[in-house]
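Subject: A structure for you to look at

Hi there,

Here is the structure I promised to pass on to you.

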Amino acid sequence: TSGTFSGLVKASKHQQTLLGFPALKGDFFSAQIATYTTKSNWDLSNYHFGGYAKYNLDLIQFINEFKRKYGIQLDPIYTAKMMYGIFDLIKTGYFSKNTRILAIHTGGLQAIDGFNKRLAQKNDLQLI
């Protein structure tokens, strides 16, 4: 939802730019956020992977590699999509050199067991 992001936008300084990563597919987030703030220092990404709880093999592999490399568990519904997006945007030169990035891990880890059961039923790669 847009509640957390709207609160961050409201609390932000004018020189800060916020980039939101909606977990849902759709255009309604911008209008929703605009009802909470008049600030314009924000944008929304398009790393939803098809919508809420949608995924592909690239996302699952990213989650597992991220945990191996950094020791941080990401959930496949929210935070993995955000981190995947940030890393992809870094690779494509979206951020200026020396940009400071703060990524907020908003939870969602309780979904991993259920998600792994879903992956197992499809004989897909599991989350570690």
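Below is what I found, going from the inside of the protein to its surface. Please bear in mind that this is a predicted model.

Now turn to helix H1, which covers residues 3-11. Phe5, Ser6 and Val9 are its buried residues. Why do these three belong to the same side of H1? Because they cover an arc of only 100 degrees around the axis. On the other side of H1 you will find Thr4, Lys10 and Ala11, which are exposed. The cover over the buried residues of H1 includes strand E1 (18-20), helix H2 (28-34) and E2.

**A buried threonine**

Next, have a look at Thr79, which lies in helix H4. Is it buried or exposed? With a relative accessible area of 1%, Thr79 falls under the 20% limit, so it counts as buried. If you leave out neighbours within four places in sequence, Thr79 is in contact with Leu74, His105, Thr106 and Gly107. The chain also brings Gly108 to this place: the C-alpha atoms of Thr79 and Gly108 are separated by 7.6 Å, although the two residues are 29 residues apart along the chain.

**Two positive phi angles**

The loop between strand E2 (42-44) and H3 holds Phe49, and Ala53 is found in the loop between E2 and H3 as well. Phe49 has a phi near 55 degrees, which is a positive value in a residue other than glycine. Ala53 is not a glycine either, yet its phi is positive at about 65 degrees. Phe49 counts as buried because its relative accessibility is 18%, and Ala53 is buried too, with a relative accessible area of 12%.

**At the surface**

Leu8, Leu102 and Ile104 make a nonpolar surface patch of about 290 Å². Leu102 sits in the loop between H4 and H5. Its relative accessibility is 73%, so Leu102 counts as exposed.

How many salt bridges are there? The count comes to one. The side chains of Arg68 and Glu65 meet in it, at 3.5 Å from N to O. Both residues lie in helix H3, three residues apart, which is about one turn of the helix. Arg68 counts as exposed because its relative accessibility is 55%, whereas Glu65, at 41%, counts as partly exposed.

Happy exploring, and write back with any questions!

Best wishes

Definitions and conventions. Residues are numbered from 1 along each chain as its sequence is written. This is a predicted model: local features need pLDDT of at least 70, side-chain atom pairs count only at pLDDT 80 or more; totals for chains, interfaces and linings use all residues. Side-chain values use heavy atoms; hydrogens and water are left out. Patches are made of residues with over 30% relative accessible area and no salt bridge: like charges are joined within 9 Å, nonpolar side chains (Val, Leu, Ile, Met, Phe, Trp, Tyr) within 5 Å. Accessible areas come from the Shrake-Rupley method with a 1.4 Å probe; for residues, only the protein chains shown count as cover. A salt bridge is a side-chain nitrogen of Lys or Arg within 4 Å of a carboxyl oxygen of Asp or Glu. Helices (H or I, at least four residues) and strands (E, at least two) are DSSP runs, numbered from the N terminus. Buried means under 20% relative accessible area, exposed over 50%, partly exposed in between (1.4 Å probe, protein chains only). The arc is that of the directions from the helix axis to the C-beta atoms. Contact means heavy atoms within 4.5 Å.
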